[in-house]
Amino acid sequence: PDMYIKVTLMMGEKRLAKRKTKVVKGCLDPTYHETYRFDTGSSALRNLSLQATLWMEHKFSRNFMVGEALLWLEHITWPTNGGPVAGWYKLFHCPTGNQARDRHSP
């Protein structure tokens, strides 16, 4: 399987910005070492979240969403030096392969 992640900055149900990782081919346990910056403007962190969805790429059919994690930015411990935020977050299984309708908090 060829896996990739879509990262979307959300304000409620509204998508503000999105990014996509490179596709990791032939790996069920991919590691991504990519950094993304999002300009949040004057938005308060309490209204923002990051949605990360794991996808399996298919060459001859629709791509399949494997799971998602929703990270509320107000719950993240931000480094005092302004460096990147790194951590492990629970991935919720999406059995139908469709966009998940339920949103999960940490």
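Here are a few questions and answers about the aromatic pair and the overall fold of this predicted model.

User: How many helices and strands does the protein chain have?
Analyst: Happy to start there. From the N terminus on, the elements run β-β-β-β-β. The count for the chain is 0 helices and 5 strands.

User: How many aromatic pairs does a search of the whole structure find, and are the rings stacked or edge-to-face?
Analyst: The search finds 1 aromatic pair. The rings belong to Tyr-4 and Trp-55, with centres 6.4 Å apart. Their planes meet at 10 degrees, and planes under 30 degrees apart count as stacked, so the pair is stacked.

User: Which strands does the pair link, and how many residues apart are Tyr-4 and Trp-55?
Analyst: Good one to check in the viewer. Tyr-4 sits in strand E1 (residues 2-11) and Trp-55 in strand E3 (residues 48-57). The pair thus links distant parts of the chain, E1 with E3, and the two residues are 51 residues apart.

User: Is Trp-55 buried or exposed?
Analyst: The relative accessible area of Trp-55 is 8%. Buried means under 20%, so Trp-55 is buried.

How values were computed:
Residues numbered from 1 in each chain as written. Predicted model: local features only at pLDDT ≥ 70, side-chain atom pairs only at ≥ 80, totals over all residues. Heavy atoms only, no water. Phe/Tyr/Trp six-rings, centres within 6.5 Å; stacked < 30°, edge-to-face > 60°. Helix = DSSP H or I, 4+ residues; strand = E, 2+ residues; numbered from the N terminus. Buried < 20%, exposed > 50% of the residue type's maximum accessible area, 1.4 Å probe, protein only.
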